[in-house]
Amino acid sequence: MGHSSVKLHDFSLCRMWHIMCGLLLLPPRPQLHLKLIYNIAVLTYLSMISRWRFAFQYQTNYDYLHDHLSRIIDLTNFVALVVGHLIVSMELIWRNQSVHIDQQFRQMQHILREKLGCKGAGCSSVDAGFSTTRSVMWHVPIELHDASLRLMRRLMHCLLLLPPRPVRFLQLLYMFTLLMYLGFVFHWRIGFNYHVVYDIQLDQFSRMIDVLNFVVLIACHIVVAMELLWKNRSEEIEQQLERIRYLLRVQFGYKVNLLRIRRYCQGICGSWFLRCLLLFGMTVYTNVGTDVVLLLYYHFYSEVVLLLRFSEFSLYSLLILAFYQELHEVSLNLILELETSSVASLNRLSTLRQVHGILWNTIRTIECNFELSLITVMLKLFVDIFVLPYWIFINVLNQTNTSVVHYILAEEFCKFVEVLVPCLIWNRCELVQREIRSIFHSLNTDRRDVQLNSCLLRISTHLGQESCQFSAGGFLVISNETLGKFIFGMASYVFICIQFRMSLVTKSSTHSVEAVATVAADD
């Protein structure tokens, strides 16, 4: 009866079939003796329920002897329920056409794939159970996922940032739980009286910075969580990278170095874990036995979430760098082949240009995936990096415990490394892309084949127009230039805040002395 529908059934109807079998609506196998047993069991059960229902004396909210209309409606409702149950059960047992429907869908899939040559999102969405994902299911990225994003995805599941499955009710449950948690933390933080290193009455500037830092932290946490729940494009990015890996393997006979990718990704995840461990250890060491430790514990989860989201961005950046390095090696091998076969090289040059276009589109997809969270987290890191030296100045000025200064230095180091790594990665990506362009651009004058020269010129122009740059929400480009602006801006803001704070404290002290002198003169 057509092609086997096992694969499609596993993705689409398997779960519903298991539920029906669990409710004893369908026998586990469509055999005649099982159908008869299920039929007799349903009739026996409904007969017993009907007999018990009519003989059961229960309290009603109407006059059982005089209100005949309400009694008729009550009995009619029960009879309709039993008849409906009986019809549904008989139809499922004796007239079930789900296997036939499943096989017809399988035949449609076979015709689209074999007869019409359809291998895009349409056919693949049938394989995936008519998935609503926006990605092009080119190839199942099992090996690439295991080597790159599997560990990061598990960390997000453990931190309750992503539900185990992209189901709507799980996403809503995670969203409401997050909002309730952040609402509780915000309410507790506003009403919490804790010891601070500044004068709350006189030093209003330090109090404003303290509250602003907390509000920015909560806002960034909400933005990151909502973007992960509702605008997550990680599957689409994986599919595009897997398509590049597939083209490199099929068209060029080149296998992507998954060991290098695994080493890169383990380094990013290990760096995140060590920085979180350092922050947690310094939190316990510095503030144990004080009331500030509760405040930092509540903040710690949000800080870990922001660091993990930025580490995920660094992980995707390393994946782009790894694939650019693979393209560089493929380009070098292709240049060596130009000496022997120009016809085959023309086809491979066209494929290489297509691969670079897919990689460029992948970068744009990563920009959309981090459209809101990246710029907000960078804003939070910028605020932290210039605020933390200010708190060092305040603690040193007030001669507090030196362990607090050590904690602030550790947090400053963690935040600065978080900003430093992606800037260096994207600067390296741009350099590798320029090297690939120079490989083809320098050969234009050394070839006599006009068609080959034209193809080399096109790929060189293509590499020049689609440069490797990553924009954080359209506000800034991630590179070493941005890192320099970040550092100099941070240093300038630190000195401005210190001068502003000293002037405010001096002014407040002067007003206090004048007020005391005025009161004493009046007395």
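This is a predicted model: local features need pLDDT of at least 70, side-chain atom pairs count only at pLDDT 80 or more; totals for chains, interfaces and linings use all residues.

Tutor: Start with exposure: a residue is buried under 20% relative accessible area, exposed over 50%, and partly exposed in between, with a 1.4 Å probe and protein chains only as cover. Residues are numbered from 1 along each chain as its sequence is written, and side-chain values use heavy atoms, leaving out hydrogens and water.

Now the charges. Side chains of opposite charge can pair when their charged atoms come close. A salt bridge here is a side-chain nitrogen of Lys or Arg within 4 Å of a carboxyl oxygen of Asp or Glu. By that rule there are 17 salt bridges.

Take Arg-150 and Asp-146. Their side chains meet in a salt bridge, 3.7 Å from N to O. Arg-150 is partly exposed, because its relative accessible area is 36%. Asp-146 also counts as partly exposed, at 30%.

Arg-309 and Glu-227 form another salt bridge, with the closest N and O atoms 3.1 Å apart. This pair links distant parts of the chain: Arg-309 sits in helix α13 and Glu-227 in helix α10 (residues 204-230), 82 residues apart. Helices are DSSP runs of H or I with at least four residues, strands are runs of E with at least two, and both are numbered from the N terminus. Both Arg-309 and Glu-227 are buried.

Arg-245 and Glu-242 are a local pair, three residues apart in helix α11 (residues 234-251), so about one helical turn separates them. An α-helix has 3.6 residues a turn, so residues three or four places apart point the same way. The closest N and O atoms of the Arg-245 to Glu-242 salt bridge are 2.9 Å apart. Arg-245 is buried because its relative accessibility is 11%. Glu-242 is buried too, at 0%.

Salt bridges also build a network, linking Glu-303, Lys-380, Asp-384, Glu-411 and Lys-415.

One charge meets a ring. A charge sits over a ring if NZ of Lys or CZ of Arg is within 6 Å of the ring centre and within 35 degrees of the ring normal. The charged end of Arg-364 sits over the ring of Trp-360, 4.8 Å from its centre.

Next, rings with rings. Rings of Phe, Tyr and Trp (its six-membered ring) pair if their centres lie within 6.5 Å; planes under 30 degrees apart are stacked, over 60 edge-to-face, and the rest tilted. The structure holds eight aromatic pairs. In one of them, Tyr-316 and Phe-370 have ring centres 5.8 Å apart and planes at 70°, so the pair is edge-to-face. Tyr-316 lies in helix α13 (residues 292-337) and Phe-370 in the loop between α14 (342-369) and α15 (373-398), so this contact ties together parts 54 residues apart in sequence. Tyr-316 is buried, at 1% relative accessibility. Phe-370 is buried as well, at 1%. Both rings belong to a cluster that ring pairs build from Phe-310, Phe-313, Tyr-316, Phe-370, Trp-426 and Phe-470.
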